[in-house]
Each structure stands twice: as C-alpha cells, then as structure tokens.
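Welcome! Please take a moment with the sequence and the 3D view below before reading on.

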Amino acid sequence: MKKPKILLTLLTLTVLLLAACNGEKETAEPEKAQAATKDGKTEVVFWHAMNGQLEEVVDDLVADFNEQQDDITVKAVFQGTYEEAITKFNTVAGTKDAPTVMQVFEVGTKYMIDSGKIEPVQKFIDADNYDTSKWEKNITNYYNVDGVQYSMPFNSSTPVLIYNKDAFKKAGLDTEKPPATYEELKTAAKALTTGDQYGFSVLNYGWFIEELIAAQGGLFVNEDNGRAGNATEAVFNGKEGQEVFQLISDMYKDKTFYNSGQNWDDIRAAFQSGKIAMYLDSSAGVRDIVEQSPFDVGTGYLPVPEQSEWEGVVIGGASLWMANGIEDAQQQAAWEFMKYLTSPEVQATWHVNTGYFAINTDAYDQDIVKSEWEKYPQLKVTVDQLGDTKTSIATQGALIPVFPEARQKVVGAMESLYQGADPKEALDQAAKATNDALEMANRKK
Amino acid sequence: MIAVKDRLRAEPKSRWRFPVTLEGMLYLLPSIVLFAVFLFYPMFKTIYLSLFLTDAQGNAQIFVGLEHYSQLLSSPSFRASLKATVLFVLYTVPAGVILALGLALLANQKLKGIGFFRTLFSSTMGMSVAASSVIWLFIYNPAIGIANTIMTTLGLQEMQWLLNPDTALISVAIPTIWMNTGFSFLILLGGLHNIDASLYESGKIAGVSDFYSLRKITLPLLSPTLLFIVTVSLINSFQTFGQIDILTKGGPMESTNVIVYSIFKDAFVNFNIGSASAQAVLLFAFILIVTILQFKWSEKKVHYQ
C-alpha cells in the first residue's frame with residue numbers, strides 16, 4: 001500500500017507544479033492591453049525606446065496628455081533599445097499583448113510595412129481631413145511610401161559636423177567657417193592635428209556612411225533606393241561611396257583621422273577631452289555636447305567632395321506606428337495621442353528639451369524655441385541644414401528590409417580601412433554581403 | 001531496486017501488475033516534464049527551424065533543407081566566428097584556471113589575516129558581468145581610459161585595445177579571466193581544504209620538497225575539483241555573451257564575433273532565425289565533441305579518492 005501513496009504524492013506535485021505555471025500566467029493578465037480601463041477610459045499602450053533624460057521628457061508629455069482630457073489613458077512603457085523593442089514587438093505583434101502605438105527606428109520602416117501588423121496612419125489623416133501641410137516634408141517623406149504616410153514621425157535627427165572652436169582658433173582657422181568640402185576638411189584636419197589631437201573622426205556606424213553618400217546625391221540600393229520596388233542590389237559601392245571611403249582611408253593614412261570605434265559615448269568623450277577636433281554626431285546630441293564641452297563648440301553641414309553638389313541629409317531617428325487588428329476605439333484614441341504629439345506646442349517642448357527636430361514647422365515660431373536658439377545657436381544650424389535639403393530619392397532615404405545587416409557589413413568594411421584595406425575592395429565586399437542578405441529577404445516574400 | 005526485483009520474482013505472471021517501466025517513468029515524470037518543456041522541445045524546435053527560412057516572428061516559412069548549414073560552413077564569416085570562439089576559449093580557460101589555482105594555493109596557507117585575502121580573491125564572484133564590463137569599457141577607453149594612461153606613463157605607445165582586430169579578443173579575454181577567477185578560486189580553495197593534512201605531514205617526515213608534494217599530493221587529490229572547474233570554465237567560455245555585447249559588439253571586423261554572439265545577432269538583430277538555429281545546432285555539436293573528448297581524457301587522469 002505504500003507505493004500508490006508515493007505515486008499519488010508525485011502526481012499531486014506534478015499537478016501543483018503545472019498549476020503554479022498557470023498561476024504565473026494569470027497574474028500577468030492585468031498587464032495586458034485592454035480596450036477600456038476600469039474608469040471607462042480607453043487605454044493606449046505606447047512602447048518606446050527613449051531612455052535616460054529622453055524618457056523623462058516622454059513621460060512628462062504623456063502625463064500632460066492624460067491630464068488634458070478625460071477619455072484616454074496613455075501608458076508609456078520603455079522597452080530597451082530600438083533593436084530590443086522591435087524584437088519584443090515581433091513576439092507579440094498581432095496578439096492582445098501588442099502595444100497600440102510602437103516607436104520604431106527609421107531603418108525598421110520597410111520591415112514594419114512588410115510585417116502586416118500595422119495600420120498606416122494615412123487612414124486616419126484621410127478620415128480626419130487632418131492638415132499635414134505644416135509638416136516638415138524632409139522628415140515625413142521618409143515614412144511616406146507610394147504616397148501613403150505609414151507612420152507618424154516622432155523623434156527625428158540628422159548628422160551634423162561638430163567642431164572645437166578653440167582648437168580652430170589655435171590652428172589659425174576661421175571659427176565661423178567649418179569645412180564644407182572634402183578638400184577643406186582634409187586641410188583643416190591637417191592643421192588641427194597636433195600632438196595628442198587628431199583632426200577628424202567618424203563613428204564606425206553605418207548611418208554616417210549612408211548620410212555622407214546621400215549628401216552627394218548617391219543612392220544606397222537599386223530600385224530608386226528601394227522605393228520603386230523591392231531592392232535587389234546594393235549600390236552604395238558606387239562613385240559616391242568610394243569618395244567617402246577614399247576620404248577616410250586617405251585621412252587615416254595621413255594620421256589626421258582618429259578611429260573612435262562603434263560607441264557613441266567614446267567618440268563624444270574623445271571630442272570633449274580634446275582628442276579629436278572635428279567629428280560627425282547626431283543633431284540630437286548637439287545640446288549635450290555644447291553644454292558639456294569645456295570649450296566653444298560649432299556646428300556645420302555635412303561636407304561633400306568638391307565636384308559634387310550638396311544634396312542634403314536623410315532623416316534619422318524613429319517614428320510611431322499604429323497596430324492593426326485592435327479595436328477601432330483604441331486606434332482612434334491612439335490617433336488622438338499622435339495628433340497631440342505633433343501639435344506645435346508639444347513639438348516645441350520636444351525640440352528644446354531633446355534636440356530632436358520638430359516635425360511641425362510652426363513649432364519653430366514658439367517663444368521657447370526662439371529663446372533656446374539664442375542660447376544655443378548651434379541648434380539652429382541643424383534645423384537649417386534640414387530645411388536646405390533638396391527633396392530627392394537620395395535624401396528621402398533607402399528602404400530595405402535588411403538594414404541592420406547592411407549596416408553591420410558597412411561597419412566591417414569601414415573597420416578594414418584602418419587595417420589598410422583598399423577602399424573599393426572593402427566596399428565591394430560589403431555590397432556583395434548586402435546583396436546576399438537582400439536575396440534571402442526577397443525569397444521570403 | 002532489490003525490492004522491485006523480489007516482487008517481480010514473487011508475483012505470479014498471470015496476475016496483472018503495474019508495469020515496472022511505467023512505474024519508473026512515473027517517478028521520473030516531474031523531471032521529464034520539466035526537461036521536455038524547457039530543453040527537449042526547444043532543442044527539437046531549433047533543429048526544425050534550422051531547415052527553414054523564417055519570418056521575423058520565427059515562424060517557419062520555406063523549407064530549404066540543409067542550405068543554412070552548407071552556407072555557414074562555406075562562409076568566411078562563420079569560420080571567423082569559429083576561430084574567435086576557439087581562440088577565446090584558449091585565452092581564457094587555461095589562464096583562468098592556473099591563476100585561480102595559484103591564488104588558491106597562496107590563500108590556503110594558515111596565516112594571520114588570510115581571511116581578508118580569501119575574500120579579496122573571491123570578490124569578483126559578486127560582480128555582475130554587465131557591471132564589470134562597463135568598468136572595463138572605461139578602462140579601455142582610448143581617449144580617457146586608465147589602460148592608455150598606464151601605457152604612456154611606462155613610456156609605451158597608446159593602444160586602441162578594443163578597436164584593433166589583433167588585440168580586441170585578448171582585451172575581452174582579460175576581463176573574462178578576471179571575472180571568472182573568483183568562482184574558480186573559491187571552488188579550488190574548497191578542494192584544497194578537503195585534502196587530508198596527514199598526507200602533507202608524511203611528506204614532511206619523508207623530507208620531500210614543497211614542489212614535490214604539490215605535484216604528487218596536491219594536484220592528484222585536487223584533480224576531481226580541477227576537472228569540474230575546467231569543464232565549467234570551458235562551457236562558460238563557449239557561452240560568453242555579456243562582455244562581448246558591451247565591449248565590442250562582435251567587432252572590429254568580426255574578430256570578437258564568437259558563435260554565441262553571432263547567433264544572437266543573426267536571430268535578434270537580423271531576424272534570420274533559420275540561420276541562427278543552424279549555428280546553434282553546430283555549436284551544440286561542437287561542445288558535445290569537446291565534452292566527450294574531455295571526459296575520455298579525464299577518465300585516465302583524474303584521481304577519485
């Protein structure tokens with residue numbers, strides 16, 4: 001009689017264990033997105049990747065929105081970096097756990113469109129007769145595919161040239177005239193390279209290479225940068241790309257270019273500690289750099305080769321996507337929240353507190369922006385650079401499903417330059433690897 | 001076991017009885033369920049997915065057979081990953097174990113205040129990988145890090161530790177050794193405590209040198225502990241992720257792109273779940289072979305009391 005008892009105990013234990021597993025699931029239930037909260041408000045879950053000081057600004061904006069009206073509660077949830085957030089989104093997309101509004105980085109655009117888990121915001125723009133004429137076209141165009149506005153731009157930035165004015169003075173250069181061409185850049189870098197200080201640096205990050213190519217009007221992939229159809233071939237190894245790689249290679253050999261790795265903090269620390277006198281950074285980082293550097297900081301447009309026409313910059317950053325397959329009331333509430341975020345007042349606060357662009361150009365007329373620009377004239381340069389950008393396929397930016405992978409290949413090619421690789425060969429190799437990735441992605445369709 | 005056998009013999013065949021295997025299975029049920037859910041299912045799913053192209057959510061879409069495998073085996077990038085992984089293991093395991101053994105031998109002396117040193121030597125055990133990696137990130141920072149400050153004070157050239165493909169892997173290996181030493185040290189010290197002191201006394205009476213008693217008494221009796229530490233370090237080393245992610249992200253030029261990191265990147269950055277699964281299967285086969293070899297070898301060398 002002893003054995004059945006043990007068996008029974010074991011069975012009970014197993015059942016208990018399974019029950020415990022279920023229990024966990026149940027406790028997780030209230031976290032899920034529900035159409036309506038207890039007080040009858042519609043809940044909008046907003047996933048974002050803004051950390052540190054940016055998260056505080058987002059939380060403030062959300063809190064203001066929740067206070068302003070009585071029908072909608074927005075819940076902002078930080079989900080890690082852009083990559084982490086999009087991975088999490090992937091696992092829950094199309095289920096009840098999916099967020100209503102999702103922030104996705106610019107290179108995830110094609111990927112989100114192809115995912116089929118999103119509702120283009122165009123639908124709400126049309127239904128609402130929403131006036132988009134105040135939007136900065138150079139920003140919204142990126143997220144506009146075949147005339148359909150897929151997502152709402154939120155935090156947008158572009159690269160800018162940042163330089164140390166004190167070092168310029170010491171080297172006898174004009175502090176108000178940053179280099180605009182590769183030749184000027186080389187000359188300036190040479191004059192600035194003294195002892196411990198290097199003239200110029202670019203972060204080993206694919207985005208900067210894309211931007212330097214686009215600034216000359218060059219494309220990244222075929223099919224009109226992937227906007228006329230699915231891109232099948234990388235073209236960043238063309239003339240424009242070679243110019244960029246040749247410049248880095250030449251300057252590195254000349255010892256006027258400093259390799260600062262892949263880490264944003266590292267390159268900023270190098271600039272602030274006087275290791276480098278000029279570098280490329282995101283416009284969203286300008287305010288912090290100006291504030292924290294122990295010297296005068298200037299900003300300038302992206303340089304291009306002498307013979308090239310300056311086309312402008314491609315918008316970077318992230319946009320907000322609306323989930324599909326959820327209740328209409330929720331989508332409507334999410335749309336209200338998006339409209340609030342793009343209002344001039346909110347955009348002005350956003351621009352001033354973060355350095356990201358205002359997507360609503362009216363924001364620049366707000367008083368807080370004007371007074372901020374007086375304090376930080378460097379910020380205005382970034383906005384002007386975007387305003388001066390010519391609208392073209394190049395500056396609209398590429399649309400490919402395998403952007404992260406393409407960037408890794410470009411970074412690898414960039415790193416091989418410091419080992420003395422031939423610029424053209426390095427680029428060709430990266431282009432070939434990108435082609436393979438594109439082919440694989442196109443097969444899945 | 002004997003009781004079960006007795007019952008088998010005692011009970012007449014005609015009578016129905018609870019099948020013994022089934023009964024045994026029932027005892028194992030809790031662990032079988034747990035293993036099945038958390039180990040076997042994911043394992044078979046990984047093998048299954050490695051034969052497919054998947055969508056971003058990891059659903060199998062197009063059957064491609066062994067294409068992922070053939071592509072991986074012919075890809076220079078995967079071969080670089082293999083090489084980085086093997087090198088990384090070679091850099092970290094022997095150095096880490098020898099360092100920990102040396103510290104354990106030192107800390108095994110009966111001296112005043114030795115407790116302080118024992119705490120000190122094992123302190124890295126309490127550090128998280130993320131926190132220590134960030135500390136080392138600052139140490140290695142080419143512009144403001146202390147590593148270069150030391151180099152210049154010594155009159156040497158400044159180095160780009162993590163940015164040079166030739167030094168990056170070693171620069172990641174050093175923090176790894178530092179992090180793992182605490183744990184190895186503690187286990188080895190425990191092993192040393194277990195060695196019977198009378199053996200050393202006999203050795204002293206016989207007049208053998210310290211080195212001789214280390215070789216003939218300490219190491220043989222410590223060998224089971226050493227085997228454990230080597231195995232654990234080896235597996236840890238194969239699975240290194242945190243420090244790579246924080247220090248180098250697999251770069252520069254894939255010189256630190258060990259297989260586990262490459263799997264992560266393929267699956268969660270590039271969303272090629274199929275290819276990532278194939279890499280995981282290959283890594284599994286690889287570790288399996290190494291572990292079998294290790295146990296084959298250790299059967300001869302390890303001395304169990």
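Predicted model: local features only at pLDDT ≥ 70, side-chain atom pairs only at ≥ 80, totals over all residues.

Residues are numbered from 1 along each chain as its sequence is written, chains are lettered from A and ligands numbered from 1 in the order in which they are written, and side-chain values use heavy atoms, with hydrogens and water left out.

**Where the chains meet**

Let us begin with chain A and chain B. Here 35 residues of chain A are in contact with 40 residues of chain B, contact meaning heavy atoms within 4.5 Å. Nine residue pairs are in polar contact between the two chains, both residues being at pLDDT 80 or more. A polar contact is a pair of N or O atoms within 3.5 Å; within protein, one must be able to donate a hydrogen and the other to accept it, and residues adjacent in sequence count only if both atoms are side-chain atoms.

Which elements give two or more residues to the side of chain A that touches chain B? They are helices H1 (2-28), H3 (82-92), H12 (264-272), H19 (403-417) and H20 (423-443) of chain A. Helices (H or I, at least four residues) and strands (E, at least two) are DSSP runs, numbered from the N terminus. H19(A) supplies the largest share of this side, seven residues.

**Where the domains meet**

Chain A is divided into domain 1 (40-156 + 316-375) and domain 2 (159-312 + 401-443), with bounds from an automatic or database domain assignment. Their centres, taken over C-alpha atoms, are 29 Å apart. The contact between them takes 17 residues from domain 1 and nine residues from domain 2. Six residue pairs are in polar contact across this interface, both at pLDDT 80 or more. On the domain 1 side, helix H4 (109-115), strand E5 (144-145) and helix H15 (344-354) of chain A each give two or more residues, and H4(A) gives the largest share, three residues.

**Salt bridges**

The rule finds two salt bridges across the chain interface and two across the domain interface. A salt bridge is a side-chain nitrogen of Lys or Arg within 4 Å of a carboxyl oxygen of Asp or Glu. One example from each is listed here.

| Interface | Salt bridge | N to O distance |
|---|---|---|
| Domain 1 and domain 2 of chain A | Arg287(A) and Glu372(A) | 2.5 Å |
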